[in-house]
Amino acid sequence: MSVSNVGRPDRSPTLRGGEARGHRLGLALPGITSSVLNEAIRQVEGALLDESPPRGREPWAEVLAAVALAVGRRTPDYVVDRRPRLPPALVGRVLEVLRAALLRAWRETYAPASAVVVLIAAIEDLRDVLARTSLQEYTGPLNGPDGADVLAEVMHDLRSPLSSIRCLAERLELAGSGPVNDLQRRQLRLIHIAAIQLSMVADDAIDASYDGEVPGDHDAAPLSITKVFNAVARIVRPVAEEKHLDVCFVRPAVDYRVGRNAVLRRVLLNLVTNALKFTHTGGVEVTAVDRGDAAVEFSVRDTGPGIPPLAVEQLFRPFRPGAADQPHRFSRTGLGLALCRRMVEQLGGTLRHESAPGGGTRFWFEAHLPPLTRP
């Protein structure tokens with residue numbers, strides 16, 4: 001029976017049935033002239049077949065033959081192009097046992113060091129190729145034209161369990177299921193904080209996959225700025241308490257307005273959460289000031305370290321580049337601020353900022369929110 005090529009038939013060598021069965025029958029594989037490798041393969045065959053029940057030996061035979069040819073002929077395609085059929089765990093096990101057999105041959109049978117070194121290098125090369133191929137299989141969909149949709153699907157799968165963790169941790173922290181001591185309360189608060197932060201990352205990734213407007217309430221409706229502030233305060237409370245930071249909300253003279261409640265709440269929540277994340281002493285002030293008859297200026301000011309001048313240019317850029325060990329004022333994904341800017345435009349304004357190193361940061365914008373007129 002012939003085993004057809006998979007992946008790149010015009011380049012990959014053909015693994016014939018005789019080759020796949022050769023070592024199971026105790027025969028040398030054609031094209032492998034190294035006596036050191038042939039002896040190591042025989043040892044590996046015996047060890048692996050002893051580990052497997054009779055019905056599980058056929059996969060070992062094909063994996064072992066493919067690995068032997070890939071190493072002996074320095075051609076990783078013997079394994080790479082057959083990965084859909086070759087179980088990765090078995091391939092890894094064969095490489096592990098083969099490497100050990102070669103080293104044992106070097107120590108115990110005085111096999112030529114140069115021959116063993118060449119074969120060990122071939123094994124490591126094959127491992128590297130397999131690792132890169134596996135990584136490409138996982139990252140390929142993310143790098144393709146539908147990458148944002150793929151990422152959004154993953155985030156959707158995360159959002160529901162994260163919401164459950166948030167609710168349960170908050171309930172336990174507030175002794176909703178029985179008394180808790182101070183240490184337990186702090187541990188529950190940390191779980192709650194982590195769930196909040198991960199939930200916001202998931203929400204940002206999902207919303208970033210949409211073209212045009214960020215999902216939310218599409219039509220203007222009556223809203224209370226005080227209630228919006230209270231909703232934001234309730235979510236960020238665990239973070240502020242854990243870091244011993246003050247969060248102050250100053251509402252405008254006219255509280256009841258007409259606008260997009262969910263969008264406004266999301267913008268303020270992202271800005272306040274970012275401010276708390278990078279502020280270690282002092283606090284955050286959120287203000288709303290009337291600007292004319294139909295506009296309100298919202299401002300989020302913190303007492304953090306400020307934004308480095310070099311980071312300002314890429315502040316609103318999603319997935320901004322940068323070394324992982326470099327300090328930065330915001331998450332390098334940049335999704336939160338990029339989405340905030342889009343959502344502020346949906347509110348009829350422009351997101352602006354000012355900052356000085358060591359002097360804190362202020363983000364502000366005006367939103368079109370006409371006063372609510374009652375009939």
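These legends describe close-up views of a predicted model. In this predicted model, local features need pLDDT of at least 70 and side-chain atom pairs count only at pLDDT 80 or more, while totals for chains, interfaces and linings use all residues. Residues are numbered from 1 along each chain as its sequence is written, and side-chain values use heavy atoms, with hydrogens and water left out.

**View 1. The open sheet has five strands in the order E2-E4-E5-E7-E6, with mixed pairing.** The edge strands, each pairing on one side only, are E2 and E6, and neighbouring strands are turned by 15 degrees against each other on average, direction ignored. Strands (E, at least two residues) and helices (H or I, at least four) are DSSP runs numbered from the N terminus, and two strands pair if DSSP finds at least two bridges between them.

**View 2. Strands E4 (residues 283-291) and E5 (residues 295-302) run antiparallel and are joined by eight bridges.** Within this pair, Glu 285 stands opposite Arg 301 in E5.

**View 3. Strands E6 (residues 352-355) and E7 (residues 361-368) run antiparallel and are joined by four bridges.** Ser 355 stands opposite Thr 361 in E7, and in the hairpin, which has five residues between the strands, Gly 358 takes a positive phi near 80 degrees.

**View 4. His 244 lies in the loop between helix H9 (225-243) and strand E2 (246-250).** Although His 244 is not a glycine, its phi is positive, at about 55 degrees. His 244 counts as exposed because its relative accessibility is 69%, where exposed means over 50%, buried under 20% and partly exposed in between (1.4 Å probe, protein chains only).

How values were computed. Axes are lines fitted to C-alpha atoms, for helices over the stretch in contact, and angles run from 0 to 180 degrees between N-to-C directions.
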